[in-house]
Amino acid sequence: MSQKGAIQSMAVETALVARALLAIGLLCLLWTATGAAVAQTPVQTASVASARMMPEPARIGAARLGDHGNKTRFVLELTREAPFTILPDASGVAVEMEAALDAALPPAKGLVKSVSVRPGAKTGHLRLILATTGPVRVQLAEIIPPRDGMPPRFVMDLAAGKAGPGAVLTPASMMNPPVPKEKPKPPLPMIVIDPGHGGQDPGAVAVSGAYEKDITLAMAKEVRRQLLATGRYRVALTRDKDVFIPLRDRPALARAKGADLFISLHADSITGRQVRGLSIYTLSEKASDREAEMLAQRENQSDAIVGMDLSVQSADIANILIGMSQRDTMNQSRRFASLVLKNLDPNVAVLPGPLRSAGFAVLTAPDVPAILVEMGYLSHSQDAKLLGSDTHRKRMAGSLLRAVDSYFTGNAVPPRS
């Protein structure tokens, strides 16, 4: 090959190599661009998906104030429920909410002089400041879910008043909110049990030789035991040992202890030894009228009826008020007597027509429902034997417990404090 031919051949090879290198470079560039585009695609897709998952911020479409006399109501209509915080403000009360405002602020009304807005403490939050005419407390602040065709609403009720439990007035009250005190529980009903007789007054004597005063005391202690075991009652005895207490002092003791019920326990005796069975007495109408008149004539009437000072009333008015109290007490007494009979253990014998009335002095308290239970006849051998037995005492006490439970369960008259 001539020198000229060799040079030409080398030029051709060089050109071919250059073209090949150019082609490879273009392929590399194309691959790199394509790969980069593919690599970027998942990131872009994830970013778009994340943006679509973020919820729209709540927006306030309407704001209004309402004057309801004893309170001023602030209402915000929302596109969705949004968290909020009630904060104190130098001018009144502020509401911090995660929302945007699209509505005009309402004019002054009621306790609110003006409503203004400024950015909240966090991004996406706003703060609505309600300047008030004086100290206020927040009675209510809540989000009402959508219902009855209405959108979600924020509702806040403001009432005039100083800071206290549930109130918002000063930063101090928000930093150290008062802990609401538990409401004191109402006192348990007080049941006063009166064991008849005592001391130098033995009462009736049983055919077995037992004294009525001992039988009534043993029964009273068992009734007390069963009542206290429930945890539902307070119980007191007019006597818990063998002592004499005048008849008039017994209802007075019950009133002094704030009795809600008074139960006097006795055992009867009669010449005819075939008579047996229980009977229950309440105060008779005639005795009630006499007692009302006696109470009205007393010089010191300040405690004639619990919670009512009659010493400032004329004799006629005092007589009327005592009579009214007495009649209501008698109605309650008769109701309780009926419940005792209804809840009586079937093994306890009763007299024919067991619900009776009489002028017993122990039943004369004008404001304490009271009954006297003649538990049986000590002149009858079987009654006397039962009244001395533990088993019968438990039966009788259980009957009285059921009656007391029924009385307070269905009784609209609350226990005395």
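# Exercises on cores, rings and strands

Of the 38 residues in the largest nonpolar core of this predicted model, those touching the most other members are I191, I193, L227, I263, L265, F336 and V404.

**Exercise 1.** Determine which helix gives the largest share of this core, and which other core lies apart from it.

*Solution.* The largest share comes from helix α8 (residues 390-409), with 8 residues. Apart from this core lies another, of 24 residues, including I86, V95, L128 and L158. As general background, nonpolar side chains in soluble globular proteins tend to be buried together.

**Exercise 2.** List the residues in contact with I263, leaving aside its neighbours within four places in sequence.

**Exercise 3.** Classify the pair formed by the rings of F74 and F154, and locate both residues in the chain.

*Solution.* The count of aromatic pairs in the model is 6. For F74 and F154, the centre-to-centre distance is 6.4 Å and the angle between the planes is 80 degrees. Because centres must lie within 6.5 Å and planes over 60 degrees apart count as edge-to-face, F74 and F154 form an edge-to-face pair. F74 belongs to strand β2 (residues 72-78) and F154 to strand β9 (residues 153-160). The two are 80 residues apart, and the pair links distant parts of the chain. Both F74 and F154 are buried.

**Exercise 4.** Classify the pair Y407 and F408, and decide whether each residue is buried or exposed.

*Solution.* The ring centres of Y407 and F408 are 5.0 Å apart with planes at 90 degrees, so this pair is edge-to-face. The cut-off for buried is under 20% relative accessible area. Y407, at 2% relative accessibility, therefore counts as buried. F408, at 18%, therefore counts as buried as well. Y407 and F408 form one aromatic cluster together with Y233 and F336.

Methods
Residues are numbered from 1 along each chain as its sequence is written. This is a predicted model: local features need pLDDT of at least 70, side-chain atom pairs count only at pLDDT 80 or more; totals for chains, interfaces and linings use all residues. Side-chain values use heavy atoms; hydrogens and water are left out. Rings of Phe, Tyr and Trp (its six-membered ring) pair if their centres lie within 6.5 Å; planes under 30 degrees apart count as stacked, over 60 as edge-to-face and the rest as tilted. Helices (H or I, at least four residues) and strands (E, at least two) are DSSP runs, numbered from the N terminus. Buried means under 20% relative accessible area, exposed over 50%, partly exposed in between (1.4 Å probe, protein chains only). A nonpolar core is a set of buried Ala, Val, Leu, Ile, Met, Phe, Trp, Tyr and Cys residues joined through side-chain atoms within 4.5 Å. Contact means heavy atoms within 4.5 Å.
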